[in-house]
Structures are given as C-alpha cells and as structure tokens.
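Subject: Structure handover

Hello,

Here is the structure I promised, with my notes below it. Please open it alongside the text.

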Amino acid sequence: MIRAPRGYAALITAAGRGTRAGGGTPKQWRDLAGRPVLDRTLAAFAGFERIVLVVHPDDMGQAIDRYAGAITIVAGAETRAASVRAGLEALEGQASHVLIHDGARPLVPDAVIRGVIDALQAGADAAAPALPVSDALWRGAGDRVTATAPRDGLHRAQTPQGFALAAILKAHRDQSADAADDVELALSAGLEVAITPGSEDNLKITYPADFARAERILGTDMDIRLGNGYDVHAFGPGDHVTLCGIRVPHDAGLLGHSDADVGMHALTDAIYGAMAQGDIGRHFPPSDPQWKGADSAIFLAHAAGMARDKGFRIGNADVTLICEAPKIGPHALDMAHRLAEIMGLDAARISVKATTSERLGFTGRREGIAAIATATLIKE
C-alpha cells in the first residue's frame, strides 16, 4: 500500500451504471473474487489521508452504509466530468494535489500510483499512466477493414491521473463540456501532462469477460495459508468410535469432553491454525458444560465458516488417522464425504487415510487413536 505524501488526496469515480459489463448490478458493486470491485479499488488508495468517493445518487445509501467515516462520499452528476467536478469541489482547500482514479480499475499496482506521485513531486503540472500501443491499428466499417492507421506515439490511457488540485479544478470550472478523461480537460486548459508507466494489470472492467480476466490476475497474487492439527483420544468403554463424522463399530469407545472425534478435531485445529486463530479450546472451552458430548461437526462447521467470513476458501484437507484398530480403509470414502458436507466442499478436495505405528507407543498398544491433519486456505 502506497503512503501518499501529505496534501495528496484520491478521488475515486464510481457514479456510472456500467451496463456493458452485464449482470444487472453496476460493475463497481459487483463481486470480484469475494469482494466488491469498489472495495478493492478503495483499498489501493488506503494510504491517502483524504479520499473522496463519487457515486450515483441511487447508490448513496449503500455507499454510506459501507464506507462512511474516513471516506467522503459525494453524489455524482449526469456526466463524468460533472461528477469529477463535484468531487473536486469537495476537496477544495483540503489538499494540494489529487489523483483521480476510475472505480472500475480495482487492480491498480502500487508502482503505477507511485509513478504518478513521483512525477508530480518532480514538478509536473499533471501526470498520468499509459501503455504504448503495440498492436497494429485498423479502421473498419461493419465487419470489414477499410484502412490501417499508424500507431507511432499512441498510448492507451489509464488512471490514476494526477494534478495540482487548484489547476484541475479550474479546468473543470472553465469547461462545461464532457470529456473522455481529465487529461483531455487538462490539455485544453494548457497544462503539460507527463506520461508515467502504466500496467497491463491495471485493467478497467468494462465487459463481462473482464471479470474473469481480473480474477486470473488476482490468482497470481494469492494469500495461501497452511495449517496443521494434531489430536489424541484414549480408548474407554463403548462399542463404537466416531471418526471424521462416521460411526465405526469397535470393541471400545473414545474418551473426550465432546464426542472425541479425533480426526475431526485435528482437521478443525488445522483450519484454525491456518488463520492464526488458535485451536478448538479457544472457541469451545472444555470448561463450558454446553459442549459436553457435543457433535464435533459443530466445531468443524464453525472453523470452515470463519474461514469463509475472512475471505478464504479451503483448497484441500488431508487427515491421517493413526491406530492399530479399527480398520479405517472401508470407511475412508464415507469419512471424506462427511467432512466435505460439513465444510461445504467437493469431496475430491478431502483425503482421509490411516496408518499404524507398527505396534509402537500408545497407539501400538491399542490405548487410543491419534490424528494429524493439514488444511490449505486460499485468500483471493
């Protein structure tokens, strides 16, 4: 996250309807890998001391509910230029420079933002990122090519576009016509605009396929967590054991405060561990009588739900049961399906297997069962 210099503000434009992106809901409010597009855009500018968000009047309610506080929320107007001007008016006297960014560009890299700031600090009147055009250019009519066009000196414009606040506000006040972007208005006002490096990842979501492309870009920078769990329960009186949610006949039971499902306990701790959230005992203290004899599915469902709430998906889980008896193999697939059901996953992502300890130690002496588990969490 970029820490902007003192006096630098960010203005995020999100007042459009984005109908070309499909989906009914305006694109800036649609989900992108678990978070609204606009959440990701605003997060990129969290290091600015002032942020103004311009939204459509119809979206004011949800914008206030979601972002009110550190962010100033302004109602947009009929045109993009008028919406930007409304945001600039809200910043007048509160900042020396402003970076104006499209709300539908949620993946802007820090380096792109830093490049604009560096150009302004070096004395540029205005600065904006762009990519040189490398493809051949054609003119067409319908589905036919009618001519070629030179690409020398052409660039694909991006945002954020940075300006001295007073200069770009004056440019907006002096011109009533709409413009494709703020660089167009700056040039009309006689400002010199420096070109800074853009990025292919800094795409503007415009069409339905852009969501898939953005998710692919996010996939190259995933937060992947690995957690391990280990649990042991001793044998006691009984005629069955419950392992990974499946009742398995046996000449003994397992002793524990809950149902003593050693496999499910290990997996639950693995998920908590991947999130740095402790273990079952932190969330379900054994000193609390309400968990006496509880179904361990409660614990596993809680851990999986917490992972989802924190923006993670469970990539896979692997459970190994260590015992001389009972035989696990005949029940392993049922166990995997039960765990998958509790966690809301495809059973193909769950592995349950068993091994012995070659008659060594407490498991070898048939005094109890141990389990180890590993879970992978992915945050996109």
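In E5, which residue is the bridge partner of Ile51? It is Ile71. Keep in mind that this is a predicted model.

**Around strand E4**

That pair belongs to a parallel pairing. Strand E4 covers residues 50-55 and strand E5 covers residues 71-75. The two are joined by 5 bridges. Between them comes helix H2, residues 60-67, and the three elements make a right-handed β-α-β unit.

E4 also pairs with strand E1, residues 8-14. This pairing is parallel too, over 6 bridges. Look for Thr13, which stands opposite Val54 in E4. E4 itself is mostly covered, with 5 of its 6 residues buried.

**The largest nonpolar core**

In soluble globular proteins, nonpolar side chains tend to be buried together. Here the largest nonpolar core has 50 residues. Leu267, Ile271, Leu339 and Met343 have the most contacts inside it.

The helices are H8 (262-274), H10 (297-309) and H11 (332-343). The strands are E14 (240-243), E15 (246-249), E17 (312-322), E18 (350-355) and E19 (368-379). H8 gives the most, with 8 residues.

**The five-stranded sheet**

Next, an open sheet. Its 5 strands run in the order E16-E13-E19-E17-E18, and the pairing is mixed. E16 (253-254) and E18 stand at the edges. Each has a single partner strand, so one side of each is left without a neighbour in the sheet.

At the E16 end, E13 and E16 run antiparallel and are joined by 2 bridges. Gly236 stands opposite Gly253 in E16.

**A nonpolar patch on the surface**

Tyr230 sits in strand E13, residues 223-236. Together with Val232 and Ile372, Tyr230 forms a nonpolar patch on the surface. The three share about 260 Å² of accessible area.

**Backbone points to check**

Two cis peptide bonds are worth a look:

- Thr159 to Pro160 is cis, with omega near 15 degrees. Pro160 is in the loop between strand E10 (155-157) and strand E11 (161-164).
- Ala325 to Pro326 is cis, with omega near 5 degrees. Pro326 lies in the loop between E17 and H11.

Then there are two residues with positive phi:

- Ala276 has a phi of about 60 degrees, although it is not a glycine. Its place is the loop between H8 and helix H9 (280-283).
- Arg366 also has a positive phi of about 60 degrees and is not a glycine. Its place is the loop between helix H12 (361-364) and E19.

Are these two residues buried or exposed? Ala276 is exposed, with a relative accessible area of 59%. Arg366 counts as exposed as well, at 54% relative accessibility.

**Where to start**

I would begin with E4, which pairs in the parallel sense with E1 and with E5. Then go to H8 and its 8 core residues. After that, follow the sheet from E16 through E13, E19 and E17 to E18. Finish with the loops that hold Pro160, Pro326, Ala276 and Arg366.

Best wishes

Technical notes: Residues are numbered from 1 along each chain as its sequence is written. This is a predicted model: local features need pLDDT of at least 70, side-chain atom pairs count only at pLDDT 80 or more; totals for chains, interfaces and linings use all residues. Side-chain values use heavy atoms; hydrogens and water are left out. Patches are made of residues with over 30% relative accessible area and no salt bridge: like charges are joined within 9 Å, nonpolar side chains (Val, Leu, Ile, Met, Phe, Trp, Tyr) within 5 Å. Accessible areas come from the Shrake-Rupley method with a 1.4 Å probe; for residues, only the protein chains shown count as cover. A salt bridge is a side-chain nitrogen of Lys or Arg within 4 Å of a carboxyl oxygen of Asp or Glu. Helices (H or I, at least four residues) and strands (E, at least two) are DSSP runs, numbered from the N terminus. Buried means under 20% relative accessible area, exposed over 50%, partly exposed in between (1.4 Å probe, protein chains only). Two strands pair if DSSP finds at least two bridges between them. A crossover is right-handed if, with the strands pointing away from the viewer, the path from the first strand over the helix to the second runs clockwise. A nonpolar core is a set of buried Ala, Val, Leu, Ile, Met, Phe, Trp, Tyr and Cys residues joined through side-chain atoms within 4.5 Å.
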